[in-house]
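Here are my notes on the model, as numbered points.

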Amino acid sequence: MSFSLIAAIGKNGELGKNGELIFHIKEDMQFFRETTTGHKVVMGRKTWESFPGKLKDRENIVISRSEVKGADKTIHDIDKFITENENTDEEIFIIGGGQIYEAFLPHAKTLYLTEIDATSDADTYFPTFDKSKYDKEIIKKGQSHDLIYAFAKYSLK
Ligand SMILES: NC(=O)c1ccc[n+]([C@@H]2O[C@H](COP(=O)([O-])OP(=O)(O)OC[C@H]3O[C@@H](n4cnc5c(N)ncnc54)[C@H](OP(=O)(O)O)[C@@H]3O)[C@@H](O)[C@H]2O)c1
């Protein structure tokens, strides 16, 4: 199974601004919770700090060059973590942000992307990737207020 990236992105890959999310879609939060619950979730220190606390019912692993208080585990060496875990049987979810998606993208087999049909001002973007290398499945489409979105699953061919 190895690594799965999970993110909600705008039309240009917009992820965040000023340390916060840009788009707020209740159904997306629910999809994120259902998909990641019971698994390890790996995040950068800035994403960790954007949450009020630990994500419950998940092992919270935070990547930082310093020690992070409150996390289940802090990882200082991404490459070592990748080498030690990329052939694991479990599905480990990489939950952002931009720096961490970039580091794990070449090692991920699955990308769960909530593709939101909107653009916005942003300072953090999902890395560009070669879509021809993946099979794309639309899990579900929806609309929340004025935001049209689709839950897409990209599986490495
Ligand atoms: N739309 C979405 O689905 C989604 C999901 C997640 C996050 N976001 C948004 O993305 C933004 C945050 O993303 P970001 O790219 O700014 O930050 P980030 O990836 O969350 O965290 C960056 C931090 O990770 C640590 N780090 C990165 N590379 C490392 C390495 N090679 N070795 C050790 N530590 C390393 C560093 O922590 P230290 O500085 O502590 O060393 C670095 O400052 C926020 O706006 C957030 O809301 C959006």
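**Notes on salt bridges and cores**

1. K40 has a relative accessible area of 18% and is therefore buried (buried is under 20% relative accessible area, exposed over 50%, partly exposed in between, with a 1.4 Å probe and protein chains only). The model is predicted: local features need pLDDT of at least 70, side-chain atom pairs count only at pLDDT 80 or more, and totals for chains, interfaces and linings use all residues. Residues are numbered from 1 along each chain as its sequence is written, and side-chain values use heavy atoms, with hydrogens and water left out.

2. The side chain of K40 forms a salt bridge with that of E90, at 3.0 Å from N to O (a salt bridge is a side-chain nitrogen of Lys or Arg within 4 Å of a carboxyl oxygen of Asp or Glu). This pair joins distant parts of the chain, 50 residues apart: K40 is in strand β4 (residues 40-44), and E90 is in the loop between α3 (78-85) and β7 (91-94). Helices (H or I, at least four residues) and strands (E, at least two) are DSSP runs, numbered from the N terminus. E90 is partly exposed, at 31% relative accessibility. The structure holds nine salt bridges.

3. A salt bridge also connects the side chains of E59 and K73, at 3.8 Å from N to O. E59 belongs to strand β5 (residues 59-63) and K73 to strand β6 (residues 73-75), so the pair ties together parts that are 14 residues apart in sequence. E59 is partly exposed at 28% relative accessibility, and K73 is partly exposed at 36%.

4. In the salt bridge of E115 with K136, the closest N and O atoms are 3.0 Å apart. E115 is in strand β8 (residues 108-116) and K136 in strand β10 (residues 134-144), distant parts of the chain 21 residues apart. Is E115 buried or exposed? E115 is buried, with a relative accessible area of 18%, whereas K136 is partly exposed at 45%.

5. The largest nonpolar core has 26 residues, and L5, I94, F104, L111 and F126 have the most contacts inside it (a nonpolar core is a set of buried Ala, Val, Leu, Ile, Met, Phe, Trp, Tyr and Cys residues joined through side-chain atoms within 4.5 Å). Elements that each supply at least two residues of this core include β1 (2-9), α4 (98-104) and β11 (147-156). β1 gives the most, with four residues.

6. Leaving aside neighbours within four places in sequence, F126 is in contact with L5, A7, I9, G13, L15, Y101 and L113 (contact means heavy atoms within 4.5 Å).
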